[in-house]
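Work through these exercises with the model open beside you. Try each task before you read its solution.

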Amino acid sequence: MSESEEKTVHILVDDPEMYAAGDDVIVSIEKGMGIKAAIYAYIYPFFLLLGVLLIMLRGFELGEVVSGLAALGSLVVYYIVLSLFKHKISGEIIFKIRKIY
């Protein structure tokens with residue numbers, strides 16, 4: 001997360017009494033979960049965009065403008081669907097917290 005602004009992250013902990021508002025902590029996720037988040041945010045949309053663009057250009061032989069707009073429209077639909085499933089996805093990405101002493 002960016003250090004230039006504050007972020008709010010909800011974290012489930014075993015011992016909540018150990019932490020208080022204003023404590024300095026380190027928040028992290030496992031490497032595999034970061035990769036999974038990157039795949040959802042960047043890799044899948046890239047291949048969707050490329051696939052729709054090629055199918056529209058080669059398969060349906062539409063013009064470049066129409067094909068480009070359709071490809072961009074598919075990204076809008078992808079991110080809307082992704083936001084509808086954010087509760088399911090957020091359950092897959094688990095944050096860990098460690099207090100700085």
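**Exercise 1. A serine and its contacts**

Which residues does Ser67 touch, not counting residues up to four places away in sequence?

Solution. Start with the ground rules. This is a predicted model: local features need pLDDT of at least 70, side-chain atom pairs count only at pLDDT 80 or more, and totals for chains, interfaces and linings use all residues. Residues are numbered from 1 along each chain as its sequence is written, and side-chain values use heavy atoms, with hydrogens and water left out.

Step 1. Find Ser67 in helix α2. Helices (H or I, at least four residues) and strands (E, at least two) are DSSP runs, numbered from the N terminus.

Step 2. List the contacts, meaning heavy atoms within 4.5 Å. Ser67 touches Leu53, Met56, Leu57 and Leu62.

Step 3. Check the accessibility. Ser67 has a relative accessible area of 0%, so it is buried. The classes are buried under 20% relative accessible area, exposed over 50% and partly exposed in between (1.4 Å probe, protein chains only).

**Exercise 2. Another serine**

State whether Ser74 is buried or exposed, and name its contacts beyond four places in sequence.

Solution. Step 1. Ser74 also sits in helix α2.

Step 1. Its relative accessible area is 12%, so Ser74 is buried.

Step 2. With neighbours within four places set aside, Ser74 is in contact with Leu48 and Val52.

**Exercise 3. Salt bridges**

Find the salt bridges and say which parts of the chain they link.

Solution. Step 1. Apply the rule: a side-chain nitrogen of Lys or Arg within 4 Å of a carboxyl oxygen of Asp or Glu.

Step 1. Take Lys99 and Asp23. Their closest N and O atoms are 3.3 Å apart. This pair links distant parts of the chain: Lys99 is in strand β2 (residues 95-99), Asp23 is in the segment before β1 (25-29), and the two are 76 residues apart. Lys99 has 23% relative accessibility, so it counts as partly exposed. Asp23, at 28%, is partly exposed too.

Step 2. Take Lys96 and Glu30. Here the closest N and O atoms are 3.3 Å apart. Lys96 is partly exposed at 43%. Glu30 is partly exposed at 42%.

**Exercise 4. A nonpolar patch**

Which residues make the nonpolar surface patch of about 760 Å²?

Solution. Step 1. Know the rule. Patches are made of residues with over 30% relative accessible area and no salt bridge; like charges are joined within 9 Å, nonpolar side chains (Val, Leu, Ile, Met, Phe, Trp, Tyr) within 5 Å. Areas come from the Shrake-Rupley method with a 1.4 Å probe; for residues, only the protein chains shown count as cover.

Step 1. Name the members: Tyr42, Ile43, Tyr44, Phe46, Phe47, Leu50 and Leu54.

Step 2. Look at one of them. Leu54 lies in helix α1. At 41% relative accessibility, Leu54 is partly exposed.

**Exercise 5. The whole chain**

Describe the fold pattern, the dimensions and the confidence of the chain.

Solution. Step 1. Count the elements: three helices and two strands. Along the sequence they follow β-α-α-α-β.

Step 1. The globule rule is 2.2 Å times the number of residues to the power 0.38. A compact globule of 101 residues would come near 13 Å, but this chain has 20 Å. Its C-alpha trace spans about 60 × 25 × 20 Å along the principal axes. Buried residues make up 10% of the 101 residues.

Step 2. Read the pLDDT, the predictor's confidence in each residue, from 0 to 100. The chain mean is 86, and 94% of residues reach 70 or more. Helix α3 (residues 86-92) is lowest, at a mean of 78, and helix α2 (residues 64-84) is highest, at 96.
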